[in-house]
Amino acid sequence: MSGPLGNAPALLTIQDDGSYRGMLFVEPTYQEFAGVIVVTRFAPTRYQGTNGIGRVTLHEEPGRRVLRFVNDGGGGGAELTPSQ
């Protein structure tokens, strides 16, 4: 995972209902986070969670996927990529 404070290993699990839970390793400990991703037909995909609220986008290119969380009002956010 990469964000405004740098890069860190993270484990993220997203359930079928859009709820998610994860752990971010920030030396010397783990930080838990959780929330929900909401997909609607006529609006951008949104999230609400431990680290705020905002937009979620998935970018797929050959050989690369990036899940982006962009906080409302700027600042924060994160990019997650699958481990290789």
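Predicted model: local features only at pLDDT ≥ 70, side-chain atom pairs only at ≥ 80, totals over all residues.

Colleague: What makes E3 and E4 a strand pair?

Modeller: Two strands pair if there are at least two bridges between them. Strand E3 (residues 10–14) and strand E4 (residues 19–26) run antiparallel and are joined by five bridges, so they count as a pair. Leu-11 stands opposite Met-23 in E4. The two strands form a hairpin with four residues between them, and Gly-18 in the turn has a positive phi of about 95°.

Colleague: What joins E4 to E5?

Modeller: Eight bridges, with the strands antiparallel. Here the hairpin connects through two residues, and Met-23 stands opposite Glu-32 in E5.

Colleague: How many aromatic pairs are there, and why is the one of Phe-25 and Tyr-30 called tilted?

Modeller: The structure holds four aromatic pairs. The ring centres of Phe-25 and Tyr-30 are 4.9 Å apart, and the planes stand at 55°.

Colleague: Why is Tyr-30 called exposed?

Modeller: Its relative accessible area is 52%, and exposed means over 50%. Phe-25, at 26%, is partly exposed.

Colleague: Why is the pair of Tyr-47 and Phe-69 called edge-to-face?

Modeller: Its planes are at 75°, with the centres 5.0 Å apart, and the label applies over 60 degrees. Tyr-47 lies in strand E6 and Phe-69 in strand E8, so the pair ties together parts 22 residues apart in sequence. Both Tyr-47 and Phe-69 are buried.

Notes:
Residues numbered from 1 in each chain as written. Heavy atoms only, no water. Phe/Tyr/Trp six-rings, centres within 6.5 Å; stacked < 30°, edge-to-face > 60°. Buried < 20%, exposed > 50% of the residue type's maximum accessible area, 1.4 Å probe, protein only.
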